[in-house]
Amino acid sequence: MKTVHEVKRITVSNERINPVEGDVVVCWSKTLWFALHLFGAVVGLVFYASWINTAVFVSFAALTLCLGHSVGLHRLLIHQSFACGRELRWTLVHFGSLVGMGGPFQMMYMHDIRDWAQRHEHCHDFLSHAKPLWHDALWQLFCEIRLQNSPRFTIENEVICDPVMQMMQRTWMWQQLPYAVVFYLIGGWGMMLWGISLRIVVSLMGHWLINFFAHNQGERDWHLAGHAVQGYNLPHLGLLTMGEAWHNNHHAFPGSARFGLKAGQADPGWWALCVMEKLGLVWDLRNAEDLPERAELHPLISN
Ligand SMILES: [Zn+2]
Ligand SMILES: [Zn+2]
């Protein structure tokens, strides 16, 4: 068995700290960013639909969502479920920032605070996606939560002190710019709007939608006792979500680099890692069986 340490960035220093009391407020930077790209996406769809623009949209979305968001930000930076050299780590995190959801430190915070909240018996509806679909859409796409008493969040030194990571956090919006210029030079406004704005809007909406369903309905092989929210597997969406749809598996084994645990659970993020492992680019891939046992984790009958 490989040595596994749990990634712990949240510190609860007193009993007033809780994931229930908090206010949802409009986040203007998030709202303006989304509105700007929504406008670009609509213009692109109405005036510049073409096969070549569709191909650029699909391939750049697949690259940034798979290698960037799922592998780079989620499985590597947030869960440390495999290891690689720092140049590859920077590259994967850069692709993840290109998804347009936030910089690396912000993504770690958003993920970990939600994860911490969901492990309690109760948590705020914003953090559990408990409101109806339309309400959750408004909240997640345009707002943020301010907890009345939030825990301390500390990012490990090797990440927070890395000047390249700091630069990627500061410039996450601007990292689109070189790609926008290249798309414009090759294919004009149409390719730029499809490759940047439409891709960002579809990625943000897709991420929210998957998050909503993956915490509300679907299939489960595992139950986590005492948790406010359970994760659900969303069959048939494994391919499209780069493996992120196996969210019941992920709640059960958060430190596993592999999300699709059973035969037939398509997990493109894991396939990419297997290829990179063969090429010697990544190593120490952690699997569900490498993780320490959790007392609160119970298999359901179907297992
Ligand atoms: Zn979850
Ligand atoms: Zn996670």
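Predicted model: local features only at pLDDT ≥ 70, side-chain atom pairs only at ≥ 80, totals over all residues.
Where in helix H2 is the kink centred?

1. The kink in H2, a helix of residues 51-78, is centred on Gly72 and amounts to about 40°. Just after H2, the backbone at Gln80 adopts a positive phi of about 50°.

2. H2 also packs against helix H11, which comprises residues 268-278. The axes of H2 and H11 lie 10 Å apart and form an angle of about 85°. Because of that angle, H2 is roughly perpendicular to H11. On the H2 side, the contact is made by Cys66, Leu67, Ser70, Val71 and Arg75; on the H11 side, Pro268, Gly269, Ala272 and Leu273 take part.

3. As to the overall fold, the protein chain contains eleven helices and eight strands. The C-alpha trace spans about 55 × 45 × 40 Å along its principal axes. The radius of gyration is 19 Å, which agrees with the value near 19 Å that a compact globule of 303 residues would have. Of these 303 residues, 37% count as buried. Among contacts with a separation of 6 or more, 72% are between residues 24 or more positions apart.

4. Most residues other than glycine have a negative phi. His129, however, has a positive phi, near 55°. His129 lies in the loop between helix H5 (125-128) and helix H6 (133-142). His129 has 21 other C-beta atoms within 10 Å and is therefore buried.

5. Asp284 is likewise not a glycine, and its phi is positive at about 55°. This residue belongs to the loop between S7 and S8. Is Asp284 buried or partly exposed? With 15 other C-beta atoms within 10 Å, Asp284 is partly exposed, whereas His129 is buried.

6. Leu291 is placed in the loop between strand S7 (282-283) and strand S8 (297-299), the loop in which Asp284 is also found. Leu291 has 19 C-beta neighbours inside 10 Å and so counts as partly exposed; the cut-off for a buried residue is 20 or more. How far apart in space are Leu291 and Ser256? Their C-alpha atoms are 7.5 Å apart, although 35 residues separate them in sequence.

Definitions and conventions. Residues numbered from 1 in each chain as written. Chains lettered and ligands numbered in written order. Bend = angle between axes of the 7 residues up to and from the residue. Helix = DSSP H or I, 4+ residues; strand = E, 2+ residues; numbered from the N terminus. Axes fitted to C-alpha atoms, helices over the stretch in contact; angles between N-to-C directions. Parallel < 35°, antiparallel > 145°, perpendicular 65-115°, else oblique. Contact = placed C-beta atoms within 7 Å. Rg over C-alpha atoms; globule rule 2.2 N^0.38 Å. Buried ≥ 20, exposed ≤ 12 C-beta atoms within 10 Å, placed from the backbone.
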